[in-house]
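Me: I would like to learn how to read the features of a protein model. Could you please guide me through one?

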Amino acid sequence: MKRIVLGIESTAHTLSAGVAQGDGKNIEILANAVDKAPHTKKGFIPRLLAEHHSRVFKKTVESALKQAGKGMHDLNAIAFSQGPGMGHSLRVGFVGAKALAGLLQTPLLPVHHGIAHIEVGKWECGLRDPLVLYVSGGNTQILILDEKEKRYRVLGETLDMGVGNFLDVFAREFGLDSAVDVMHSAAKGKNLVEMPYTIKGMNVSFTGLLTHCIRNFKPKVERRELRLEDVCFSVQETVFALLTEATERALLHSQKKEVLACGGVACNTRLKQMLSEMAKENKVWFGSPADGYNRDNGAMIALVGVKMLGAGKTRFPEGLQPVQKMRPEAQEITWA
Ligand code: FE2
């Protein structure tokens, strides 16, 4: 039986509403309306993000329903990003989703944000059981699905900050707006500057590298002794090599036949190039979804909602709440 789910995403800077329809196996995404809060020089301020999300909530949901050609009463459930994320942002999405589910008398489905990135990636790339590199602002993890336990297991992760946050802080320190500008600047660099490289088994670390760049390279760039483009190029090469090495180690350990890269940082073409070369050398498939699904979006939350309904999961404990530091293991993969 086909069900229709509205998914609400609000873990960080983006408020998004998506609509998905299906029976749990065959799923279509009908709409993906996205409204990202404007970037500021100081990065994102939690209170301002919450204000943005509450201001655009109604119009984003209306726009998603219009795109999907559906009305409120066609919805069989409301899914929301439960975590991990920023407290203020998460709460706006949660309250909105809960109010809608209450009004429509439909189930309210809690979805782990990272698992939604994985599931939409698998869906779009046609992968069945990949080793996953999930890379975004606050998250950097290597995961596999344990079908028996019905949980994703983390094989490796960052020991401090997420790679996206690392790139954002680095960008601001060097006078750039965001991680995207680091990528553009890196494209014009060609001289590799040696940098600290911290990997422990399948875990990686970025704070030492960040401090090193600020202490040693920032003054040289300011004095024009070093080109910013070369520092950006070297930073990218270093952090993506770290991630590719950790992923390759996890691949050899897990013996998976597919690799998926997902999350906002997986929009970076250099990272995808390194991973796809590594996959080719190991004779496994590599996939990464379109940027619209790698960035934060409500469609992926709706897609997981449809999978949950398909697996007959509609009841959750009373008093659901957003969880800022939600681990992927917290979500039962009932549809596996
Ligand atoms: Fe994300």
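**The metal site**

Reply: Along the chain, the donors of the iron ion follow the spacing H-x3-H-x178-D. Please keep in mind that this is a predicted model.

Me: Which residues are the protein donors of the iron ion?

Reply: They are His113 and His117, each through NE2, and Asp296 through OD, at 2.1 to 2.2 Å from the iron ion. His117 belongs to helix H3 (residues 113-125), whereas Asp296 sits in the loop between helix H9 (291-294) and helix H10 (298-310). This pair links distant parts of the chain, 179 residues apart.

Me: Are His117 and Asp296 buried or exposed?

Reply: Both His117 and Asp296 are buried.

Me: How many disulfides does the structure hold?

Reply: A disulfide is a covalent bond between the sulfur atoms of two cysteines. The structure holds zero disulfides.

Me: At what angle do helix H5 and helix H7 pack?

Reply: Helix H5 (residues 179-186) and helix H7 (residues 228-254) pack at about 110°, and their axes are 7 Å apart. H5 is therefore roughly perpendicular to H7. Helix H5 contributes Val182, Met183, Ser185 and Ala186 to the contact, while H7 contributes Leu228, Glu229, Cys232, Phe233 and Gln236. By class, this contact has six nonpolar, two polar and one charged residues.

Technical notes:
Residues are numbered from 1 along each chain as its sequence is written. This is a predicted model: local features need pLDDT of at least 70, side-chain atom pairs count only at pLDDT 80 or more; totals for chains, interfaces and linings use all residues. Side-chain values use heavy atoms; hydrogens and water are left out. Axes are lines fitted to C-alpha atoms, for helices over the stretch in contact, and angles run from 0 to 180 degrees between N-to-C directions. Helices (H or I, at least four residues) and strands (E, at least two) are DSSP runs, numbered from the N terminus. Angles under 35 degrees count as roughly parallel, over 145 as roughly antiparallel, 65 to 115 as roughly perpendicular and the rest as oblique. Contact means heavy atoms within 4.5 Å. Ala, Val, Leu, Ile, Met, Phe, Trp, Tyr, Cys and Pro count as nonpolar, Asp, Glu, Lys and Arg as charged, and the others, Gly among them, as polar. A disulfide is a pair of cysteine sulfur atoms within 2.5 Å. Donors are N, O and S atoms within 2.8 Å of the metal (3.2 Å for Na, K and Ca); water is not among the atoms, so sites may look incomplete. Buried means under 20% relative accessible area, exposed over 50%, partly exposed in between (1.4 Å probe, protein chains only).
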